[in-house]
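Welcome, and please open the structure in your viewer.

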Amino acid sequence: MTHRHGWLPPDVKNRLASLERWLLPGECLLCRQSLGDHATVSLVCALCRFRWIRLPDPQCARCGEPRLLSELACRLCQEWPPDLSVARSAVWHEGSARDVVHQLKYEGWWRVTEVMADAMMGLDPLFDRPSLVPVPLAPRRMRVRGYNQSEHLAQALGKRMGLPVRIDCLKRVRETPTQTALTPEERLANVAGAFQAERNRVERIVLVDDVFTTGATLIAAAHALVQAGAKQVGAVTFARAKNRL
């Protein structure tokens, strides 16, 4: 007997759920408190998620950086090239939000993108039915990590909001050194030309990544997409590093 794609008999579903409960941790990945019956729903407890600090208003209309009402020009994005039209982030990259990014990128817990995506759903660029494009990893880093955390995040967002996810129109063609210790100007130079996009007719694209620091990676990816025919490119990230400008 054949079954429809995506459909499983109840007994098979129950066995898979039991196996998942056995394989997944019974405690929060961040604070180690018991998750109880919620272990198969979330890897992060409600208290740790409550501690994530959302970015305050007002924000720069373009880059989403919180700013003072008296500021005439945004110090972060006033020198940006025009390719990246808008960027928004859900929470500050600190405390338990920093910890969940670490679990995602370095500990192999890609399923935490489910709760990260929940925090991102209200971000402005996600409306008006864009296509989601995850920021790709370089081949060597992909081999080491085994998965692209941004792709898992984009898939989780797409599932929640009914948005298409395109993993076929952007690739990373150049390995780049880590950006951790670089200035904003050095970051832009570091990722210049690192991405290549396929010719496409997608009018509205939103890039998806885990952390926004200066926007250099997103700007380089947006430039490649615009050069390939995209009409408008925005970006969303789960977390945002506090800018020292």
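Start by selecting Thr-113, Glu-114, Met-116, Ala-117, Asp-118 and Met-120 in helix 4, which meet Gln-149, His-152, Leu-153, Ala-156, Leu-157, Lys-159 and Arg-160 in helix 6; contact here means heavy atoms within 4.5 Å. The residues of this contact divide into six nonpolar, three polar and four charged. In that grouping, Ala, Val, Leu, Ile, Met, Phe, Trp, Tyr, Cys and Pro count as nonpolar, Asp, Glu, Lys and Arg as charged, and the others, Gly among them, as polar.

A word on what you are viewing: this is a predicted model, in which local features need pLDDT of at least 70 and side-chain atom pairs count only at pLDDT 80 or more, while totals for chains, interfaces and linings use all residues. Residues are numbered from 1 along each chain as its sequence is written, and side-chain values use heavy atoms, with hydrogens and water left out. Helices (H or I, at least four residues) and strands (E, at least two) are DSSP runs, numbered from the N terminus.

Now show helix 4 (113-120) and helix 6 (residues 149-161) together: they pack at an angle of about 60°, and their axes are 9 Å apart. The axes are lines fitted to C-alpha atoms over the stretch in contact, and angles run from 0 to 180 degrees between N-to-C directions. That makes helix 4 oblique to helix 6, a label for angles that are not under 35 degrees (roughly parallel), over 145 (roughly antiparallel) or 65 to 115 (roughly perpendicular).

Next, select Asp-128, in the loop between helix 4 and strand 2 (131-134). Its phi is near 70°, a positive value in a residue other than glycine. Arg-129 is found in that loop too, and its phi is near 55°, also positive. Most residues other than glycine have a negative phi. Are these two side by side with the solvent or covered? Asp-128 is exposed, with a relative accessible area of 64%, and Arg-129 is exposed at 56%. Exposed means over 50% relative accessible area, buried under 20%, and partly exposed in between (1.4 Å probe, protein chains only).

Move on to Pro-58, in the loop between helix 2 (46-50) and strand 1 (84-92). A cis peptide bond joins Asp-57 and Pro-58, with omega about -5°.

Finish at helix 8 (residues 216-227), which has twelve residues. Nine of the twelve are buried, among them Leu-218, Ile-219 and Leu-225. Just after helix 8, select Gly-229, where phi is positive at about 120°.

How values were computed. Expected span 1.5 Å × (residues − 1).
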